[in-house]
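Please look at the two chains in the display below before reading on.

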Amino acid sequence: VAGMSATTRVPVTVITGFLGSGKTTLLNHVLTAQHGKRIAVIENEFGEIGIDDALVIDAQEEIFEMNNGCICCTVRGDLIRILGNLMKRRDRFDHILIETTGLADPAPVAQTFFVDDEVRSQLSLDAIVTVVDAKHLIAHLDDDKPEGVENEAVEQLAFADRVLINKVDLVDAAELAEVERRVRSINATAELIHSERSRVDLDRILGVGAFDLSRVLETDPTFLDETEHQHDQSVTSVGIEMDGAVDVAKVNDWLGWLLGTKGTDIFRMKGVLNVQGDTRRFVFQGVHMLFDGEPDRAWEEGEARTNRLVFIGRDLDRQELTDRFAACVVR
Amino acid sequence: MSATTELVATLTELPALGDHVSTVDVSSDGALVAAGDLDGNAAVIDLGSGEVVAHLVRHELGVSAVSFSPRGSVLAVGGQDGRVRLWDAEAHRPIGDPVVGRGWVGGLAWRPDGSEIAAAIGTAVVRLRPDGAESVRHTDHPTTVDCLDWTPDGRRLAVGAYGGIWWYEDAAQPVKRFEWKGALLDLAVAPSGKWVASGNQDASVHCWRLWSAEDLEMTGYPAKVQHIAWDPTSRYLAVASLGDLTVWDFSGKGPRGSRPVQLAGHARHVVGLAWSPNGDVLASAAADGRVSVWRPRRGGRSLLADLQVGEELSCLVWSPDGSFLVAGGAWGGLHRVDLR
């Protein structure tokens, strides 16, 4: 069958969220639901146990920073080890779930899937799902951190492809609207899902292909409606939508410069480009300084060849990003 | 090194295990093979009869290391269940109770005189005597220990983890530390006792001179370096990264500023790399299913023997007399390769 090959990669979903947000309930929901998938779970609090068709492995959250000091080379050493062994076994899994600790920075987990070639060749990062407690999220977001210390709740939202707003039964409509507004102001592109007791349609969080280049920006991000300035927070989304073909060399230079100087502050980046002289869309995405991009499908007849980019990060200068990108457009 | 002559390699299939063979070893007298797989099975095979003579106690989530004592007949087996058991390899009886740790067994290394075995279990290293008694435990490492090796005189133990190398004598606390920011995946002390080398997650090889700690680094490998090997004279250091094989020459002023000999290598990643006990040849096994034997020469033909086993390979070991190799396979096969 076309498309099937021995190199089909196993999808991995990363579940982040604060202690008490409902991560473990979500995991149990996934493990007990009738989905017919054989699932392996890597998490931090459990021992190693088997639940029918699943395997649960205890991980130690070992963060490896490499000698060159580059933040993008920070990976989860324990995951490299565990995933490497898991993929060698004859007994194969259809899906792997990784639960991070409540205060974890999602970057090293995501970067593991870009940096380690053994992991990269056999597994694909499917999506980062962040579970938040509707009742307590705003307090966590407003929690004052000492200078230089990251607010983990903000970070976990910034990295998310899906945000599960859990315990919606504990808040009223106005509170929920405020929670959504706050999530959106940080991450304009993640899909928001409401749940009670972490009960969610699994198709909305498993196998969604959020890191699949061909699906980058598949759904219309709402960032363009976001005109409100967020003076009170440093982590935001900046969307750019611009017509015209781009000079690929100029875009390369600009992104190279941008990631070199601001890569630490840019958590996620996605885009679709209309490259001058190419009939195909160019799609890309990145986590911090790590970057993946390739030509995708051909632009369709009558389709508007619009460049669309999204940056999620700290202290982003919307005007400067827009101007610099505009300079890459060939008039 | 003598002139290149072709070697004849012949393949004999040994009884297979059920899953990916994660580890294999040959006993000091060359009579037994022990192997473990990722389903948790460990078996001992008698090479005289070619039969399995013992199935050992399972290690849930997989066996990670088997190792025969250098003299005598004790077999150590460690698994991803964090357990290490010593076995009387001839009577197939366990010696004492298993040692149980938190995390998994990352490696086993017998002291050269056979008086102790060092076992990496999670972030700790536990040292056991052949009678199963624990002699000392090192718990200083912040992350899982991935590699360990003894100095040839057996005086010091090198423990590699994220953050460098910890050196131990007989006390629990380290006597020395080589700090390095990065994760070590393989570690080898040169038989001369003059160097220690590590293969690293960041696609580099790092070498330290003992004991000045003067260091040098070889970078530019295509991927993480999981296999390195010194030849018995300590002149050559072989390094594998993906399918690439390179050999550094440490004679004279050492490798600084020099280029390594590049071998033709493998089409897929190397899973085992070892010099023959007399140092005459280098053997490699890879996921491309080949066992290859090399005599590294600059600019000349280095490949002496090459055998396609018919299965993706997963590990490799020499017999102590250097007359044969045993390679483990990703589908459970155990392949004996005789050389003459």
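A residue is called buried when its relative accessible area is under 20%, exposed when that area is over 50%, and partly exposed in between, with a 1.4 Å probe and protein chains only. The model is predicted, so local features need pLDDT of at least 70 and side-chain atom pairs count only at pLDDT 80 or more, while totals for chains, interfaces and linings use all residues. Residues are numbered from 1 along each chain as its sequence is written, chains are lettered from A and ligands numbered from 1 in the order in which they are written, and side-chain values use heavy atoms, with hydrogens and water left out.

**Single residues**

Helices (H or I, at least four residues) and strands (E, at least two) are DSSP runs, numbered from the N terminus. Most residues other than glycine have a negative phi, and most peptide bonds are trans. Against that background, A213(B) has a positive phi of about 65° although it is not a glycine, and at 28% relative accessibility A213(B) counts as partly exposed. The loop between β20 and β21 of chain B holds A213(B), and W211(B) is also found in the loop between β20 (205-209) and β21 (215-218). The peptide bond that leads from L210(B) to W211(B) is cis, with omega near 0°.

In chain A, D315(A) is a residue other than glycine with a positive phi, near 50°, and its place is in the loop between β15 (306-314) and α9 (318-326).

| Residue | Relative accessible area | Class |
|---|---|---|
| A213(B) | 28% | partly exposed |
| D315(A) | 47% | partly exposed |
| K250(A) | 45% | partly exposed |
| P296(B) | 10% | buried |

K250(A) belongs to helix α8 (residues 248-262) of chain A. Contact means heavy atoms within 4.5 Å, and, leaving aside its neighbours within four places in sequence, K250(A) is in contact with A327(A) and C328(A). The C-alpha atoms of K250(A) and E175(A), 75 residues apart along the chain, are separated by 45 Å. P296(B), in the loop between β28 (290-294) and β29 (303-308) of chain B, has its C-alpha atom 8.8 Å from that of T246(B), 50 residues apart along the chain.

**Chain A as a whole**

Chain A has 9 helices and 15 strands, and buried residues make up 55% of its 331 residues. Of the contacts in chain A with a separation of 6 or more, 74% are between residues 24 or more positions apart.

**Where the chains meet**

The size of an interface is often given as the accessible area lost when the parts come together. Buried area is the accessible area (1.4 Å probe) that two parts lose on being put together, summed over both. Between chain B and chain A this area is about 2300 Å², of which carbon and sulfur atoms give 49%. L61(B), W104(B) and K181(B) supply 24% of the area that chain B buries against chain A, more than any other three residues.

A salt bridge is a side-chain nitrogen of Lys or Arg within 4 Å of a carboxyl oxygen of Asp or Glu. Between chain B and chain A the count is 5 salt bridges, and the side chains of D116(A) and K224(B) meet in a salt bridge at 2.8 Å, N to O.
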